[in-house]
Amino acid sequence: MIASLLGALVGSVASSGAFSIPHIDYTAILPELILIGGALLMLAAGALSVRHLPTFAYTVLSAAAGVAALVSGIVLWEKIHGKGRPFTAIAHALSIDGFSTAFVILSACVIIVSSFIADGYLRREGIAGPEYHALALLGASGAMFMAAANDFIVIFLGLEIMSIPLYVLAAMDQRRAESGEAGMKYFVLGAFSSAIFVYGIALTYGATGSTNLAQIAGYLANNVSTNDGLLLAGMGLVLVGFLFKIAAVPFHMWTPDVYQGAPTPATGYMAAIAKVGGFAALLRVFFSTFHSLTATWQPVLWVVAVLTLVLGAVLGLVQRNVKRMLAYSSINHAGFILLGLQAASASGISASLYYVFVYAFLVLGSFAIITVIGRRGDRDHAIESYRGLARSHPMLALAFAVLLLAQAGAPFTTGFLGKLYVVEAAVQSHSYALAVIAMLTGAVAAGFYLRVVFVMYGQGSGAGARADDGAGVGAGVGSAAVPGEALAGHPELAMASAPGGALEVAPGGAGGAVASGATATAGTLVAAPTEPDAGETAPAGAGGAPSPARALPFDLAPTTAVGIAVTVLFTVVLGIWPGPLFAFVHAASLLF
Amino acid sequence: MPDPLFAHGVGLAVILIAVVKVVAIFAVLLVTVMMMIWVERKVISDMQNRIGPNRAGPFGILQSLADGIKLFFKEDLLPERADRIIFKLAPYLTLVPAFLIFTVVPVGGIVTIAGHAVELQVADPPMGILFLLALSSVSVYGTMLAGWSSGSKYPLLGSVRASAQMISYEAAMGLSVVAVVLQTHTLSTRGIVLAQAPHFWKWGVFTTGIIPFVIFWIAGTAELNRPPFDLVEGEQELVGGFNTEYSSIRFAMFYLAEFMNMVTMSAIMVTLFFGGPDGPGFHFLRWLWPILWFAGKTGVFLYVYVWIRAALPRLRYDQLMDVGWKTLIPLSLGWLLVIAGADLHVGWLFGVLGGVILAGLVLSQALNVSRRRRELEAETAGRGRVTRVAEQIRLRALAAASTAASASSSSAASTDEGGER
Amino acid sequence: MHGALAGGLLATATVPDALTFAVAAIISVVGALGVVLSRNPVHSALMLIMTLFGVAVLFVEEDAQFLAAVQVIVYAGAIVVLFLFVIMLLGVDRNESIAAEPMPAQRWLAVALGVLGLAEVILLARGKWPTGAHTVAGPLHGTGQANVAVLGRSVFTSYLLPFEITSALLVIAVIGAVVLARRPRGSGEDVDPSIGPRVDSGEIVAGGGGSAGRGGAGAGAGSAGAGSAGAVSPEQSIQAERAAGELVTAGEPFGAVLKEAEGVSIVQRRES
């Protein structure tokens, strides 16, 4: 009755004026919608079940949402290629082009890998509930919005959607005070930088009369203003907001503390997704929107890039904590990615794009291994914890060594190609000094990566004093933990996870050799958790081991192992055979 | 629609009229409040089979005045630990919003004074209803700061309770106001009243389907801290609540503000849901009938407030919060969606209705689950505690061992650890 | 942007406009200074409200009534209330001790940055910048209502996507708040000492409120000696004892409440 009454009465009130809702192209925002929907589904499932669902269920859901987003991103990519042209969606708020779709695909990959990596951690620490995965999914959707944004307001909202989950994830480990400290620092500084960013948007709007990136670009292209203080102030503040997110000097202060304090898998996720979202928007805004002001912002970025490169490399050298060290390394990497933008050329942009792709996988894998070595409680991150790792866990050590060497820029890895690519772009745009500085800092940074590798393999200056001490024990433990033997013990684990790992990275034409390699790597990695068991059952003679690595057993979950394997394979396979990724990145920046 | 008073420029007469309006509303409100205090005491005593005040003036009608004079001449106490400035400021922070809210309430139609068309309301800003919400949210400060600045524990507890309660119910209240705005297509209070004329079935209470009115009423009562939501001053628990430490004229101001808020809230309900001054009139004294209608409708609500106070017991604090957060807010939000759906199309109406019902079921299931989970945890807490303690001790010992081992990373570590085993 | 600049306004506006502007501007600036200069956080919060009201008046002056109302509702009505809530509940409402400055340099840095920011604003306000101003929300001096309507329209047309994804942001904020506010499972009594009494006091306030009503409804108010038993359950008073030691010494109101939980009622204290 009320309904009919309402209907009659409502009808009598005339609706005012012509009002057309813009056409909503749902395929354009499908990846974001899938991630948000997945997160809400997870939360609803968590709220509707009396006993907590197993963590693995949430991991599967999260990864499934990631895969669905990946597929829809690829469909979008194909659609753009089919039409041959990018388009804008929902009242020009989003621009769907190769560039944005590439970042959408990357974000989806990040979420898939990071949900696998987090699974082992969550189970080890006994953290039940969907919140971790839900927040990660929502954060990734924010990065996607940033990548696709064609409007400053959308960029800002994407930035917040991405950042707030990161603040929370950083503070999530309530048993460690540092985690709360990390969350607090990140939140306060992040909120401050967001405020600066919004102020920049406001000034830019005042100067150009629009928040739409394309309209701003059009306005700037058609008008030459002799008196552009307002615009420059706006641009500068926007740049500050971005530089904070990507942890560039001098807005990097939060990075070491936050990276160190946050739960380790969250650190990996944060490092990857914040760089993805931040650089996606930064590259688009400065290369496309402010293109006519290139001569103005290029010197600024030159200075920032140099500072970022040098500071990251030099301060990384003196760190004793591996997470902190990787924080400085991420600052250094941010400098390298800025190199591509500073070049302000198409090849520079595609080099930056490539580097972001590479870096996301490298950092995810590295922090996954640090998670495993951090042990229950997530506390063992001193560089000493890695002593003798090569003898006790050879495959884990190998994987970490590969990832670290790739970050250092060793040949036959994606890291090398990424560095080569950005430096080449810098040289092409005649920034010779910058290229030289970048290469020098790369060499300096290689120092701290190699130090960890040396510590793991029981050589070098740090472990020299105790080399003989550890060698005997290492031999004893090593004999008990021959990888082949362990693999024989758990063949079903190896078989279950290996095909997945192989399929993720090597689609189609990867070839039999790659697939078999994947099987071998994933298999032996999965076998790793059996080793501590062997070590513990070994006679008490092992008790004299100098390494604290045996204080608590490692707990390498199969899911985490798959995540690590994926990142390592990505790094190695695409390092040896770079064609597909180069082609992909090139296509992405061409459409841009 | 802009105020017709200012349509032809601002002259001396216009300013004079504006000032007169302000003074008139102020005076009328004050007198109304005095009367209201007397009415409340009389009605309640009648309901409780007592006589009530009957000495000062006929039927004791001057009792409030006598009380006011007494309070005015009482000693003004200032607690030693009080924050002096804020302690003195708080009564005004309570009183001023109560007055200001009334400025946007249309009490009558448009009359012509000295050639100027005058709306019978102090101001008609284009976002009048938002002004109302803004001021009602500001009125929290008086209560909050009064309790805090007293430097005493019961007032602090009372004010924390009060502000939590007011914040909680503000959301539901705002959402039910949105329902009215959705149907009247305007934010101006005068526009809302005009949209509800000239037939009573166009009143907001009917066009929005009663539920927003009920929610607004409940939430409004909670905002006023009136019974049954008067936990703020629960005597048994809080010795009188946030104004325990106040005396004399400052206390009178709180008392005044409480009743003034009651009058204002009734007037707002009349404006939003009952057509304000709308009602049938006669040919003589045309300007008078709307005012009488408005006063009459407001009076009904005032009487009901008194009645509720006499009839209903106080809620428990957790029940109060449950009602606010788990019932009123979801209900008002869902109903808002239903109204919006009805505004579009019948198909939308049923679609949205289905969706809202589904969401309601999910919500209630989630609340059930959380309750059962809490019960389970309480069950296992007894035996769980022992194992948890043991687990923590074990973990701590392990952590200590590992930090000790990593700290003494020299060769001495090996002997230490060997010794431990 | 037009008219927002003080010089322009005073030159073109009527006398009442200029007077309103002057009053509102003074209120805002004094309030802003008060926020920074007050020693007491509660006073700072109140000064902030003053500033917000001044700015709201300036918005009305610019015919942005909707913005003015929302400013008061959101900032004064919600955010500062929460500030005060936190200040009161955490008991940090004592005067800031400025004797021990952990980073002496930051004060000068703050002054320098403030001066820099002020210089920037003055510089921006003095210049006559070219703007590509085609306003989003329609004519500035519309006919009252139209302003709000046009704003609403632009939210649902050209800014539809930002408007909608704000909902995702709000969901995230809620999830984040719940995740961080929830205590780790399995640490009801045996709370990790590193988390400390800060969490304890919050628990007591929340629990005290909840159980107070129950005490009142059930057993009625207790005797004078154990008058506080209704307000704080015995189980919590164990926590309270631990927390009280730290809080009472700091001289906060809640410390006093917690003291109460130990069984020393105010009545007894007065008698003795």
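Reader: What makes chain B a chain of two domains?

Author: The assignment divides chain B into domain 1 (70-113 + 125-342) and domain 2 (345-379). Those bounds come from an automatic or database domain assignment, and the model itself is predicted. Taken over C-alpha atoms, the centres of domain 1 of chain B and domain 2 of chain B are 30 Å apart.

Reader: How do you know that domain 1 of chain B is in contact with domain 2 of chain B?

Author: Residues count as in contact when their C-beta atoms lie within 7 Å. By that test, 7 residues of domain 1 of chain B are in contact with 10 residues of domain 2 of chain B. The side belonging to domain 1 of chain B has 4 nonpolar, 2 polar and 1 charged residues.

Reader: Why are strand 1 of chain B and strand 2 of chain B said to pair?

Author: Pairing calls for at least two bridges, and strand 1 (residues 110-113) and strand 2 (residues 116-119) of chain B have 4 bridges, in the antiparallel sense. Across the pair, B:Ile113 stands opposite B:His116. The two strands form a hairpin with 2 residues between them, and B:Ala114 in the turn has a positive phi of about 50 degrees.

Reader: Let's move to chain C. How do you know that helix 5 of chain C lies in the open or is buried?

Author: A residue needs 20 or more other C-beta atoms within 10 Å to count as buried. Of the 23 residues of helix 5 of chain C, the number that pass is 0, so this helix lies largely in the open. From its first C-alpha to its last, helix 5 of chain C reaches 34 Å, close to the 33 Å expected at 1.5 Å a residue.

Reader: What makes up the side of chain C that touches chain A?

Author: The contact joins 33 residues of chain C to 41 residues of chain A. Helix 5 (104-126), helix 6 (145-156) and helix 7 (160-181) of chain C each supply at least two residues of that side. Helix 7 of chain C gives the most, with 13 residues. By class, the side of chain C divides into 21 nonpolar, 9 polar and 3 charged.

Reader: And chain A, what does it contain?

Author: Chain A has 26 helices and 2 strands, and 61% of its 592 residues count as buried. It is divided into domain 1 (30-456 + 576-591) and domain 2 (480-570). Their contact takes 31 residues from domain 1 of chain A and 23 residues from domain 2 of chain A. Helix 14 of chain A gives the most to the domain 1 side, with 8 residues. That side divides into 17 nonpolar, 7 polar and 7 charged.

Reader: Which residues is A:Leu169 in contact with, leaving aside its neighbours within four places in sequence?

Author: They are A:Tyr132, A:Leu135, A:Ala262, A:Ala266, A:Tyr269 and A:Met270.

Definitions and conventions: Residues are numbered from 1 along each chain as its sequence is written. Chains are lettered from A and ligands numbered from 1 in the order in which they are written. This is a predicted model: local features need pLDDT of at least 70, side-chain atom pairs count only at pLDDT 80 or more; totals for chains, interfaces and linings use all residues. Two residues are in contact if their C-beta atoms, placed from the backbone, lie within 7 Å. Ala, Val, Leu, Ile, Met, Phe, Trp, Tyr, Cys and Pro count as nonpolar, Asp, Glu, Lys and Arg as charged, and the others, Gly among them, as polar. A residue is buried if 20 or more other C-beta atoms lie within 10 Å of its own, exposed if 12 or fewer, and partly exposed in between; C-beta atoms are placed from the backbone. The expected span of a helix is 1.5 Å times one less than its number of residues.
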